Structure formats: structure tokens, C-alpha cells
Amino acid sequence: YVAKQVSFGPRVPNTDAHEACANWLAAELARHGAEVTVQEGRARAFDGTILHMKNIIGSYHPESRDRIMLYAHWDTRPFADKDSTRQREPIDGANDGASGVGVLLEIARQLHAVPADVGVDIMFFDAEDYGRPQWIESTDGSFQDWCLGSQFWAQNPHVPRYRARFGILLDMVGAQDAVFHQEGTSLRYAPHVVRKVWKRAADLGFGNRFDAEATPPTIDDNYFVPEMAGIPSANIVDYRIRVRPMGYGPFHHTHADNLSIIDKETLAQVGITVLSVVRQP
Ligand code: ZN
């Protein structure tokens, strides 16, 4: 699933690759038995570009009032602004984007084969990674130009008065050397969800990968979903605190974020953990 997404080319909003991948994602969710909603919206990017966004949602047991929301962003960053070369070209986004979506597509396949007791919504948010590049200084310290798809959904949920027990975000979950610390924004909005997920990972034998030490608060879709839609969410994200400077892995927003850094074992550990939480929340 990760390789297939990368094969479309960078999934940058307003491009043919983006459009083709959107159609494929919606068809995959439908093939795995989900009720599919494609939510189209527009947002203004940091540079004034109007982005044509698609949030792609696959629902299981849509009638159930007891729901869990699993989400990832599917768009690709249009710049490699943390690289030393080709900074103005888009990245492959094998990890930043495709990995979380890939794991959730496999979870969709599993939920089709063996349904969960709770309702599950798998949401692929668009335009998470179109924030202003590092060569443009932010005048106001604003981070509102990130996560445009999840902000749009939080203000216009695909189902009126949408509620879920909790959410889990997957972002950059595929690197061979990934470490998942307890993320600071998740701990602020959803400490009980974080504890649940990290405990389950440890019980499954993945305690080395899921490290209980906390990161500083970060900005990702799991900031906007609780803040604007009131759904407490945990972020499983590769943010490393035992290196200096601390931050996302060295692939982040560079051309090194390609298929060569993706490891099936990492993807499996994340998927098995999340699916276990869904089956026994
Ligand atoms: Zn990113």
C-alpha cells in the first residue's frame, strides 16, 4: 500500500497524481467493505494558492453510535525544505503520508474480514503538509497553514454532530529505526488514550518501539481534531527526543523520505497495536 501510493508520484494538492491517488484510496476503502465518503473542500494555502482538497473517509458499522476514529494524512509535502538539495521539489512522502495511510488500509482489509464490535471511521485527511516552507519566515508564529484538511473536516464533519469515543492518528509510522514517544499534544488532550495505546503495544511486545517518555507538544492533525471537534486523540508519530536537536526523524521533509527507509516490521507493529485497540478498546 505504501509503494502503490508512492508510485502515483507526490500527492500534492491540485496535481494529477493527487487526483489519481484520491480515486484509488476511495476505491480501496470500498473494496474493503467500507461506506465511503469523499469530502471535497477548498482552503487557502500560506502563499494564497487555493487548494482543492479531498478528505477520504471509510466507515464500518456507520449506524453504530459507539465509534473509534483512525486517521492519517494522505497528501505529500510540495517542498523538501529541510534538504540541502532540490528544496523546491516535492518529496516522495513514503513515510510522511503514505505509511500511516498504508497501515490504515491494511486495518480496513482486516475489518472487512473480521468486523469489529464498535463503529470505525478511517479518515484520510488532505493538505496536512502544505505549511509554509522554512525559507519563508513566519511573521506571526502561526501554525494554521498546516493540517488544512483536518481543520476543514473538524468544522464540517461528514456526519452532522459526529462523535467518536477517541481517535488515533498515525504519522510517519514506517521508518526502520522509528521510535514512538508519547506525544505532548496527545498527552494534553487525551492522556487516557495515550496510556491505552502504549500499554497495549507493551503487552504485545513492542515496548522498545513505543517508548513511554514524552515529547514536547507538536502540531499535527491531532491538535485540531480535539481542539475543533472535541475528539480526544493520540498521535503515533516518529519524533525522537534522545537525539540533538530533538525532532522528527532525519528523513523529515527531505528527499530521503522514500521507499528505501520503509520497514515492514515497523508498519506491522503499529498496525497490530492499533487493530488490537480497536478490537478491545
Ligand atoms: Zn510532514
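How many aromatic pairs does a search of the whole structure find? The search finds 15 aromatic pairs. The structure is a predicted model, and 13 salt bridges are present in it.

**Aromatic pairs**

- Among the 15 aromatic pairs is that of Phe79 and Trp135, which is edge-to-face, with 5.4 Å centre to centre and 75° between the planes.
- This pair links distant parts of the chain, 56 residues apart: Phe79 belongs to the loop between strand 3 and helix 3, and Trp135 to the loop between strand 4 and helix 4 (148-155).
- Phe79 is buried, at a relative accessible area of 11%, whereas Trp135 is partly exposed, at 30%.
- Tyr239 and Tyr248 also form an edge-to-face pair, because their planes stand at 85° with the ring centres 5.1 Å apart.
- Within that pair, Tyr239 counts as buried at 11% relative accessibility, and Tyr248 is partly exposed with a relative accessible area of 21%.
- A cluster connected by ring pairs contains Phe46, Phe79, Tyr130 and Trp135.

**Salt bridges**

- One of the 13 salt bridges joins the side chains of Lys54 and Glu19, at 3.2 Å from N to O.
- Lys54 is buried, with a relative accessible area of 12%; Glu19 counts as partly exposed, at 37% relative accessibility.
- Asp66 and Arg165 meet through their side chains in a salt bridge of 2.6 Å, N to O.
- Because Asp66 lies in the loop between strand 2 and strand 3 and Arg165 in the loop between helix 4 and strand 5 (166-171), the pair ties together parts that are 99 residues apart in sequence.
- Asp66 is partly exposed, with a relative accessible area of 29%, and Arg165 also counts as partly exposed, at 39% relative accessibility.
- A further salt bridge is formed by the side chains of Lys199 and Asp203, at 2.8 Å from N to O.
- Lys199 and Asp203 are four residues apart in helix 6 (residues 191-203), a separation of about one helical turn.
- Asp177, Asp238 and Arg240 belong to one network, joined by salt bridges that share partners.

**Strand 2 and its partners**

- Strand 2 (residues 50-60) has nine of its 11 residues buried, and is therefore largely enclosed by the rest of the structure.
- Strand 1 (residues 35-44) runs antiparallel to strand 2 and is joined to it by 10 bridges.
- Opposite Val36 stands Gly58 of strand 2.
- Five residues lie between strand 1 and strand 2, which form a hairpin; in the turn, Gly48 has a positive phi of about 95°.
- Strand 2 also runs antiparallel to strand 4 (residues 119-125), to which five bridges join it.
- Tyr60 has Val120 as its bridge partner in strand 4.

**Helix 7**

- Helix 7 (residues 221-229) is largely enclosed by the rest of the structure, because seven of its nine residues are buried.
- The buried residues of helix 7 are Asp221, Asn222, Tyr223, Phe224, Val225, Pro226 and Ala229.
- These buried residues pack against strand 3, strand 4, strand 5 and strand 8 (233-237), and also against helix 4 and helix 5 (184-189).
- After helix 7 comes Gly230, which has a positive phi near 75°.

**Asp83**

- Asp83 is placed in the loop between strand 3 (67-73) and helix 3 (94-113).
- Although buried, Asp83 has no salt bridge: Arg86, the nearest side chain of opposite charge, is 6.0 Å away.
- A polar atom of the Asp83 side chain lies 3.5 Å from the backbone nitrogen of Thr85.
- Leaving aside residues up to four places away in sequence, Asp83 touches His253, Thr254, His255 and Ala256.

Definitions and conventions
Residues numbered from 1 in each chain as written. Predicted model: local features only at pLDDT ≥ 70, side-chain atom pairs only at ≥ 80, totals over all residues. Heavy atoms only, no water. Helix = DSSP H or I, 4+ residues; strand = E, 2+ residues; numbered from the N terminus. Buried < 20%, exposed > 50% of the residue type's maximum accessible area, 1.4 Å probe, protein only. Lys, Arg positive; Asp, Glu negative; His and termini not counted. Salt bridge = Lys/Arg side-chain N within 4 Å of Asp/Glu carboxyl O. Polar contact = N/O pair within 3.5 Å; in protein donor to acceptor, adjacent residues only side chain to side chain. Contact = heavy atoms within 4.5 Å. Pairing = 2+ DSSP bridges. Phe/Tyr/Trp six-rings, centres within 6.5 Å; stacked < 30°, edge-to-face > 60°.
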